[in-house]
Amino acid sequence: MAELRTQEQQLLSALESLGGTATVEQLIQACGFPDSAVMRNALTLQEKNFLSIHAKIQNIIKLTTEGEQYAKDGLPERNLILATAQLGGAADLKKAAEKAELESQFIQIALGWVIRKKWAIYTPQNNTLSITETLLHQTTIPEGCDETLLKHLQDKHQVTQEDLSPELQQATEQLKKRKLLTVEPKTTRTLQITSEGKKASTENKIAPQEITQLTPELIITGKWHTAKLQKYNIEAPVAKTWPGKKHPYLQFLDEVRAKLVQLGFKEMTGTSVETSFFNFDALYVPQDHPAREPSDIYYVKDPQCGELTKHSKSLEHVKETHENGWKTGSTGWGYKYSLQAAQRLLLRGHGTCLSARTLEAGNLEVPSKHFSIARVYRPEITDKTHLSEFNQVEGIIIDQNLNLKDLLGVLGKFAMEIAGADKIRFKPDYFPFTEPSVELSAYKEGCGWIEFGGSGIFRPEVTLPLGVKEPVIAWGLGVDRLFMMRAGIDDIRMIFSQDLGWLRKKQVT
Amino acid sequence: MPTIDVDYPELERLLNVKLNGDMAKLDDILANIKGEVKAFNEKECTVSIEMKDTNRPDLWSVEGLTRALQGYLNQTKGVKQYAVGKSALEVKVNAQLYNIRPYICCSIIKDVHLSDNIIKGIMHLQDKLDQTNGRNRQKTSIGIYNLDLIKPPIEYTAVKPAEVSFVPLGFTEKMSLDEILERHPKGVEYGHIVKKNPLYPMLFDGEGKVLSFPPIINSNDLGKITEESRNLLVEVTGTLHKTVLNALNLVTLALIDRGGKAYSATIRYPEKSDYTEGTVVTPNFDNKRFQLSVEDTNRLLGLKLSAKEISDLLLTAGLGVEKVAGDCLTVLVPCYRVDVMHQVDIIEDVAIAYGYNNIEPMWRELPTTGRAKPDQRFIDIARELLVGLGYQETLNTTLSNQESLFKKMNTEPAKIIELSNPKIVTMTCLRNWLLPSLMEFLSINQSVEFPQKIFELGKITLPDETKETQTRDEDWLAAVTTHPNANFSEIKSALDSFMGNFGVEWQIKETAHPSFIDGRVGKVIVGGIEVGVVGEVNPLVLEAWKLENPVASFELNFQQILERKLNKNKT
């Protein structure tokens, strides 16, 4: 006969004292072992042919919110028939429903069931409901199986379908169709002792004392020298543990931030609510531009206007630039600029407003480099490629005599340093605030070409009114696409994913 | 960005190149005018092209974009010349329109042969111009008529809505202007533009026949063009003369490109009125003149181009050069290039004609020191501590809704930043605390293994009248733990560990908070100031979020804790 270890013996005895058959849950209770220990020992005992493990799928029944309501207040058809009875056994459907306090959308349902249950007859010509002959002579309306089941569930909260009588099982189907309860399969593992197991248990044939857990006491007292440390089944499955981790996208942004700092850029910050002036006007976006339509930018409901008195000088210059070009050498847009529209508060639609504020602040160093990682907002319907809230990484470089060659150089540097690109390509692009404007595509072996950035030299209509005489390179990076490529996802919504399972399993990339 | 659909064979024919459907090649050509192939519909043989430049309406037709590309394809260089003949057509403008829809520009096209495809293309252009450039017909709207049915002169006037009725395009019965606004689809769509004024703009011919009710709808009798129409009247009305004239020029040019001959019209604005325009002849294809400095060009591009080289590149870009005097070029910019407002716009064209990929990128080393925002170091340390305590970091949207922020949290509504134009019911305002985001996160992870421990260090937004934007953003930190045995001691222990390691002394004081269980919630106090809350979440809140396990949580104003910490270090 095979030797039994302490835990195996304990499990076997517990199983026998529970009548030879028990679920894993019962055994956890009886032995005080954790789930994993019960299963580990059960597996060894099964190998030794002392017990067998049976997996059984049972259906667990629970009431839905609507079901709970009916269990408490009664089914609508019962309320309807009771009301009819109180009205003298026959009544106008509308009146009966009113008395039964049925909401209009439930009247037809209740009527259908009253007829189906043969509790009453309905005459559509005069809209009358009359209790059937047989029922009239009874003092109460007999309780149907469906109602019994509802009450049963109200008491017990959840029951196993297989434990129910055949009538109640049938009622289950009916109530399921009425969406009053849910039936969900659940696997239960049952252990059953074999005759050999019984024998081993009663013979109480215990192996020499084996130690499962090495304890401080055993170590301190030196008892461990004489004890036998039990051999584990090291292949048995163990419970999963999950580490706390940084969010993969935020971690990626941390890396981007570190790179930019390393390349000599200073981080700019600002508020998510911004004035139209800094989000649009200061960037030479005319006040009737489609990007300012409520379909393209979120506006704040209350308060509607921000405070621009500190910026009155820039405001005046920007106004003139829009209207007639001011001293910028431009023709301007040639329309009447509205100060009211400039104050309108919105949720920033791009990070470029931070650059505008940096240029406007009046303490600009030359040369200097700045960047921002800004949460921005657009009224998009969220789908695979659009988010209504996302992050933008962008910035500016200021120096005497910066030119298009420098601009291409900056883009090239980003493509190599941040995207790890093998090849780059430039294309003409358009932004209302830069001229010339360039689009950067980066090629990476195995990933193909991705549009990685947009850039340009700020128009004089942007820089001069804000008090900046030097050329300013403005750039933005398509970091979201880069992250998606690295993380192997093709749905942008995954960036803000609230799937804990995904976050736990996400491997380091 | 406007997307235009063009007939592919038509595009090849007008471009005068054979591409055999090679979209990559077409893409390369279109890159010169900032266009990109979005889709090729093989069945209908049409190409959808996205035009990135929102300020170049001249590219929104197959005629316009091929006109712009001819220089790049080495076909016609320089400014293409378009002729306009004189006609006797006059348009009289009524003084009352000044405050309603003041401007009108007209042209006549003769001997044009219209195929179904050409009509479609012109309608497409008309539509794009009305929508984008004309800001949904608010700023400009275009009408095209069969000239042969019209008796001059034309009268542009303002009428009372009840006075006029006519048969609108696509209908068979006469309707009053009010009826059109109520029942005609275009009336319903654009009625708001005219309803602001008691008088509505109207166009009549010399015999008092209705041409159209701008910017709503043409008359069904005069305002319908077919393949049989040979002679056309084009009219644009609107609020800004410059934009109105440009729209007329663009439609007229497209029709000339289609073989039509253009003739002018004379617009007579009333004297002794608010108008100062007097008499204006339209269309007007006069080139604009810009001075371009060779030095400025080379400075902005980082190149060493001669005046001659720059001139050649300008011609490739479809611009003209009138004269070269030393460092200064007089550049001719065709009327339709409304995007050219400054010499930098011309310099970009020089660069595109030169080829961006022919310019050598240069990385300029600058003596600047990089620096993350001041709080970033501590934000990172805080996140690492929470991660070390076994909490998973989450990223949630700052857009939220009042149901989540207040009702489901069992708290009274407070003043928050709401959107005036929310797009979906779940995103109607900016959050003013973090816990609702974490509760939402838990609610959708009920089937994921427990214990669940998560946190977020993120922004919240509060109203603040002392700030320019009437708001302030703050970094807050919240953490929750949930499992069958989650409780106050567990979360207090985590908070204590966090504060201790972060180097902040803190106290706890009993408090009441509707989101937490009475007697199991405390205020977090740092330096005598309340900076947060810690406790077991109220089962009412758990029910509202459909959570089945107890939740314990803390939420801190991280910004304030950081300020306390740094102040302490200073003293």
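**Exercise 1. Determine how far apart the centres of domain 1 and domain 2 of chain A lie, and which residues form these domains.**

Solution. The centres of domain 1 of chain A and domain 2 of chain A, taken over C-alpha atoms, are separated by 67 Å. The structure is a predicted model. The domain assignment gives residues 65-142 to domain 1 of chain A, while domain 2 consists of 251-270 + 351-505.

**Exercise 2. Compare the radius of gyration of chain A with that of a compact globule of 509 residues.**

Solution. Begin with the reference: a compact globule of 509 residues would have a radius of gyration near 23 Å. Next, take the value for chain A, which is 38 Å. Then consider the extent of the chain: along its principal axes, the C-alpha trace spans about 100 × 95 × 40 Å. Finally, turn to burial: 39% of the 509 residues of chain A count as buried.

**Exercise 3. State how many residues of helix α17 of chain A are buried, and name them.**

Solution. Chain A contains 21 helices and 18 strands. Helix α17 of chain A covers residues 352-360 and is mostly covered, with nine of its nine residues buried. These buried residues are A:T352, A:C353, A:L354, A:S355, A:A356, A:R357, A:T358, A:L359 and A:E360. Just after α17(A), residue A:G362 adopts a positive phi of about 90°.

**Exercise 4. Explain why B:L147 counts as buried, and identify its contacts.**

Solution. First locate the residue: B:L147 belongs to the loop between β7 (140-146) and β8 (154-159) of chain B. A residue is buried if 20 or more other C-beta atoms lie within 10 Å of its own. B:L147 has 21 other C-beta atoms within 10 Å, and therefore it is buried. When neighbours within four places in sequence are left aside, B:L147 is in contact with B:I108, B:N231, B:L232 and B:L233.

Notes
Residues are numbered from 1 along each chain as its sequence is written. Chains are lettered from A and ligands numbered from 1 in the order in which they are written. This is a predicted model: local features need pLDDT of at least 70, side-chain atom pairs count only at pLDDT 80 or more; totals for chains, interfaces and linings use all residues. Helices (H or I, at least four residues) and strands (E, at least two) are DSSP runs, numbered from the N terminus. The radius of gyration is taken over C-alpha atoms; the globule rule is 2.2 Å times the number of residues to the power 0.38. A residue is buried if 20 or more other C-beta atoms lie within 10 Å of its own, exposed if 12 or fewer, and partly exposed in between; C-beta atoms are placed from the backbone. Two residues are in contact if their C-beta atoms, placed from the backbone, lie within 7 Å. Domain bounds come from an automatic or database domain assignment.
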